Amino acid sequence: MEEMLKMVFSSQSIEHGLICDDTNQSPIKLNATLKRIFDVILAMTGMVVFSPLYLLIYAAIKREDGGSVIFKQQRIGYHGHPFTLYKFRSMKQTSESDGTPLLCKEEDDRLTRIGSFIRSHHLDELPQLWNVVKGDMSFVGYRPERKYFIDKIMEHDSRYSQLYKMRPGVFSMATLYNGYTDTMEKMLTRLEMDLEYLNKHNLWTDIKIVWLTVYSILSGKQF
């Protein structure tokens, strides 16, 4: 635990994610430090509280098709750097077997039976709490995307690159109000909401987004 905390709050962690802006202004540094403390405490607490659910989902995925449980995918994050994002696997192992990136859509036949359930309730995102502890992600931010889709978004709106000023999040205002994105129109709407969050976010905003997202998930709302 001591080594984990050293990793979380090391100077390297500060360089690669604590500061959401390149200035050295004290209010910005304080805001970023509070956000990081909030992230780590919430992520570690979540990993402990939901550990029985981790085991249940692990067993369900294994029982269904015997394949790998954790899905790893490269996404683009803070300062435009790639990182490995973790999820519970929700699709068949043969999905995207031809190498062409595809967006998940409603009634996607690539989803497994268990995968369809955990994805619709956002439970496939639980392993990303480890991404938060590592410093790849924040608890609240913008949802990280693959470079393939980022390039397509930037053909329509180059402002996407502004999102690299902050770390991507497990939760986001855009996901809460715009749901999963399966069209370019939704991607561009999500970008507008992410840019709004970038310009106006604070710790209270993050707490509100976390609370509303958790409440929506627990109440069974699909978004």
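Predicted model: local features only at pLDDT ≥ 70, side-chain atom pairs only at ≥ 80, totals over all residues.

Reader: OK. How many helices and strands does the chain have?

Author: The chain has 10 helices and four strands.

Reader: In what order do the elements run from the N terminus?

Author: The order is α-α-α-α-β-β-α-α-β-α-β-α-α-α.

Reader: What percentage of the residues is buried?

Author: Of the 223 residues in the chain, 47% are buried.

Reader: And the surface? How much of it belongs to carbon and sulfur atoms?

Author: Carbon and sulfur atoms hold 58% of the accessible surface, which comes to about 12200 Å² in total.

Reader: What share of the contacts joins residues 24 or more positions apart?

Author: That share is 71%, counted among contacts with a separation of 6 or more.

Reader: Let's do helices. How do you describe two packed ones?

Author: You give the angle between their axes and the distance between the axes.

Reader: Which residues make the contact?

Author: From H4, they are Ile57, Ala60, Ile61 and Glu64. From H5, they are Arg113, Ile114, Gly115 and Ile118.

Reader: What classes are they, in the contact of H4 with H5?

Author: Five are nonpolar, one is polar and two are charged.

Reader: Now H7 and H9. Where do those helices sit, and at what angle do their axes cross?

Author: H7 spans residues 147–156, and H9 spans residues 184–200. The axes come within 10 Å and cross at roughly 80°. The range for roughly perpendicular is 65 to 115 degrees, so H7 is roughly perpendicular to H9.

Reader: Which residues touch there?

Author: On the H7 side, Phe149, Lys152, Ile153 and His156. On the H9 side, Met184, Met187, Leu188, Arg190 and Leu191. By class, the contact of H7 with H9 has six nonpolar residues, one polar and two charged.

Reader: How many salt bridges are counted here?

Author: The count is 12.

Reader: Show me one. What does Asp124 pair with?

Author: Asp124 forms a salt bridge with Lys87. Their closest N and O atoms are 3.8 Å apart.

Reader: What about Asp136? Which residue is its partner?

Author: Asp136 has a salt bridge with Lys134, and the closest N and O atoms are 3.4 Å apart. Asp136 is buried, at 18% relative accessible area. Lys134 is partly exposed, at 30%.

Reader: And Asp157? How far apart are its closest atoms from those of Arg159?

Author: In the salt bridge of Asp157 with Arg159, the closest N and O atoms are 2.8 Å apart. Asp157 is buried, with a relative accessible area of 15%. Arg159 has 30% and is partly exposed.

Reader: Which residues do shared partners join into one network?

Author: Lys87, Arg119, Asp124, Glu125 and Arg143 are joined that way by salt bridges.

Reader: Is His122 buried or exposed?

Author: His122 is buried: the cut-off is under 20%, and His122 has 9% relative accessibility. His79 is partly exposed, at 39%.

Reader: Last one. Where does Thr45 lie?

Author: Thr45 lies in helix H3, residues 26–49. Thr45 is partly exposed, at 41% relative accessibility. Leu129 is 84 residues away along the chain, yet the C-alpha atoms of Thr45 and Leu129 are separated by 9.5 Å.

Definitions and conventions
Residues numbered from 1 in each chain as written. Heavy atoms only, no water. Helix = DSSP H or I, 4+ residues; strand = E, 2+ residues; numbered from the N terminus. Buried < 20%, exposed > 50% of the residue type's maximum accessible area, 1.4 Å probe, protein only. Contact = heavy atoms within 4.5 Å. Areas by Shrake-Rupley, 256 points an atom, 1.4 Å probe, with all protein chains shown as cover. Nonpolar A, V, L, I, M, F, W, Y, C, P; charged D, E, K, R; others polar. Axes fitted to C-alpha atoms, helices over the stretch in contact; angles between N-to-C directions. Parallel < 35°, antiparallel > 145°, perpendicular 65-115°, else oblique. Salt bridge = Lys/Arg side-chain N within 4 Å of Asp/Glu carboxyl O.
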